[in-house]
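Biologist: Thanks for making time for this one. Could you walk me through a few spots in it?

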Amino acid sequence: MKTKLSVNINKIATLRNARGGDFPNVLEFAKRVQEYGADGVTIHPRPDERHIRYQDAVELRKVVDTEFNIEGNPIDKFVDLVLKVKPEQVTLVPDDPNQITSDHGWDTIKYKNFLQDIIKDFKNAGIRTSIFVDPVSEMIEGAINTGTDRIELYTESYAKNFNINPKLAVEDFTNASKLAHQLGLGINAGHDLNLDNILFFKQNLPFLDEVSIGHALIVESLIFGMENVIGMYQNKLK
């Protein structure tokens, strides 16, 4: 099955914010990644708006005509934003406000009731839900009880260990994806996936619906050009 590619444009907003003004323009880049063949656009607004701003999400809704995925910690402000913007997908991530980037998945057992209530509101609004989880069977089994449509596997450990032992690095993710599929959950993945490690990951996760890639894709685009890079990813995700 073809795995969809959603391009995270947070780093474009980081560049914009570093100089002030509106260059580069995140709306223009959202249009471009779709023109270049991406299946969707991902953003991850954080409370301090250090890259993507909440208003960006509102404006991006007007130009994203593929799949719009908004990630974030479901604090009240984030929930209100998502219900206002109505993206095709919301991905819930247990971020601490002080984290540089996401570094762990949900404890789906401890936070079952919390996630259930929020996911119910999103699903009532017609928004597909995904929750960020580690490749741990108990957390995936717990995810089904939250009512989520999908999980997003947190792939930092795979990327970290890929060059050491790729078979061992991917094993937990293969098992996790099989379990999730058996439970009827869709499977997304993201974090530190890149052109070097994405093909092996895809080959070992037969039920992988979607990957979200931002940091690596933007860096690789500095070398090869964004249109070329998106094409390179799509070739590996067939």
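Biologist: Which backbone oxygen does the side chain of Ser-177 reach?

Modeller: This is a predicted model, where local features need pLDDT of at least 70, side-chain atom pairs count only at pLDDT 80 or more, and totals for chains, interfaces and linings use all residues. Residues are numbered from 1 along each chain as its sequence is written, and side-chain values use heavy atoms, with hydrogens and water left out. Ser-177 sits in helix α8 (residues 166-182). At 2.8 Å, its side chain reaches the backbone oxygen of Thr-174.

Biologist: Is Ser-177 buried or exposed?

Modeller: Buried means under 20% relative accessible area, exposed over 50%, and partly exposed in between (1.4 Å probe, protein chains only). Setting aside residues up to four places away in sequence, Ser-177 touches Ile-187, Leu-205 and Phe-207, where contact means heavy atoms within 4.5 Å. Its relative accessibility is 0%, so Ser-177 counts as buried.

Biologist: And Arg-46, which side chain does it join in a polar contact?

Modeller: Arg-46 lies in the loop between β2 (40-43) and α3 (54-60). Arg-46 is buried, because its relative accessible area is 6%. A polar contact is a pair of N or O atoms within 3.5 Å; within protein, one must be able to donate a hydrogen and the other to accept it, and residues adjacent in sequence count only if both atoms are side-chain atoms. At 3.1 Å, the partner of Arg-46 is the side chain of His-51.

Notes: Helix = DSSP H or I, 4+ residues; strand = E, 2+ residues; numbered from the N terminus.
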